[in-house]
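This report describes one structure in plain terms. Please look at the sequence and the model before reading on.

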Amino acid sequence: MTVADVLLLALGALAVGSGALVVTSSHLVRAGLYLVVSLGAIAGLYLVLGAELVAWVQILVYVGAVVVLLLFAVMLTRAPIGPSAGLDRPAFPAVLIGGGAGLGLAVLFADAFRWVRYPEPEPGTAERVGEQIFGAWVLPFEVLSILLLSALVGAIVLSRPDIGARRSTPEQPDPDQANPDPATAGGEVKA
Amino acid sequence: MHVVIPYVVGALLFGLGVYGVLRRRNAILVLMAVELMLNAVNLILVTADVSLRSALTGVAIEAWARPGAAAPGTGGVFALFVIVLAAAEVGVGLAIVLQYYRMRRAVITDEVRLDADGEEPGIGRERLDADGERVAG
């Protein structure tokens, strides 16, 4: 047991424990905050494993953006402060499938990798990751930028009722407005 | 270091995510469980980068890639890609959830009717008019 092993064990126990609380807590806000703890522990695991840039991106994107977005959604859907009733389905099939998947994969990994020591990785700097991304993986990187743009446009179209929800207004049957030009649709918005 | 520890942690987190997706009825909690599953896969990718030193060997390099760039370290790059995908997924997913909440005042996935158009009595009393205000249906 080296220092790295002790760190991996501690952070892994923290990640799994708070992950279990995420999926069992009956407070919506507490589930989001336990998710912060779990994702932070996983970022610590990345640091121990030598993936420094991935760890900081995890902190920035997940803890900084995704969890904040989830907590905003919890707030916007008027979640109660206290424990909420009726959050869960019956446990039996979920325990069977989830436990089967988790424990089965764990046994598979434990059997495949055993208790073998691997050499410590050299710290992965941003320079190495940058060479990888812009050398071998340029095309997927650019495709991801298109994906982000389309996700942005899709989220805007979904959440704007004046361009997204035409079908729910039968009192205004105007087939010309079914797919309005974004410029004219923007002109119709009342401030 | 013993790489079996992060591998087993990743497997257990994935199992917890599957359990959460199947158990939870609230759509936002389902999204949180999906985040747990994505993080488990990321952890396994980064760990595979340490233990297997995965690299492209014996594969003709693509025309758009710089020659000699297929060094080990691909797992971290894939983890970054998965993080970007997760950010896009949670953005669109929460847009859908919030729009559904504005239409039906509910985030319970069991009550989503896939065969109706949102006008059934009881649940869909309210709907949005063109200005984003709710009108009685």
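## Terms and source

Two residues are in contact if their C-beta atoms, placed from the backbone, lie within 7 Å. Helices (H or I, at least four residues) and strands (E, at least two) are DSSP runs, numbered from the N terminus.

The model is predicted: local features need pLDDT of at least 70, side-chain atom pairs count only at pLDDT 80 or more, and totals for chains, interfaces and linings use all residues. Residues are numbered from 1 along each chain as its sequence is written, while chains are lettered from A and ligands numbered from 1 in the order in which they are written.

## Chain A as a whole

Chain A has 8 helices and 0 strands. Its pattern along the sequence is α-α-α-α-α-α-α-α.

Chain A has 191 residues, and 29% of them count as buried. A residue is buried if 20 or more other C-beta atoms lie within 10 Å of its own, exposed if 12 or fewer, and partly exposed in between, with C-beta atoms placed from the backbone. Among the contacts in chain A with a separation of 6 or more, 58% are between residues 24 or more positions apart.

## Helix 1 against helix 2 in chain A

Helix 1 (residues 3–24) and helix 2 (residues 28–48) of chain A have axes that come within 8 Å and cross at roughly 160°. Helix 1 of chain A is therefore roughly antiparallel to helix 2 of chain A. Axes here are lines fitted to C-alpha atoms, for helices over the stretch in contact, and angles run from 0 to 180 degrees between N-to-C directions. Angles under 35 degrees count as roughly parallel, over 145 as roughly antiparallel, 65 to 115 as roughly perpendicular and the rest as oblique. The crossing of helix 1 and helix 2 of chain A is left-handed, a term used if the near helix is turned anticlockwise from the far one by less than a right angle (right-handed if clockwise).

On helix 1 of chain A, the residues that meet helix 2 include Leu7(A), Leu11(A), Gly12(A) and Ser18(A). Helix 2 of chain A contributes, among others, Tyr34(A), Ser38(A), Ile42(A) and Leu45(A). By class, this contact of helix 1 with helix 2 of chain A has 16 nonpolar, 5 polar and no charged residues. Ala, Val, Leu, Ile, Met, Phe, Trp, Tyr, Cys and Pro count as nonpolar, Asp, Glu, Lys and Arg as charged, and the others, Gly among them, as polar.

## Loop residues of chain A

Arg78(A) is in the loop between helix 3 (52–76) and helix 4 (91–113) of chain A. Its phi is positive, about 55°, although Arg78(A) is not a glycine. Arg78(A) counts as exposed because it has 9 C-beta neighbours inside 10 Å. Ile81(A) is also placed in the loop between helix 3 and helix 4 of chain A, and its 8 C-beta neighbours inside 10 Å make it exposed.

Arg114(A) lies in the loop between helix 4 and helix 5 (126–135) of chain A. Arg114(A) has a positive phi of about 50° and is not a glycine. With 10 other C-beta atoms within 10 Å, Arg114(A) is exposed.

## Where chain A meets chain B

How many residues of chain A are in contact with chain B? There are 90, and they touch 72 residues of chain B. Helix 4 of chain A gives the largest share of the side that touches chain B, 15 residues. The residues on this side of chain A divide into 60 nonpolar, 20 polar and 10 charged.
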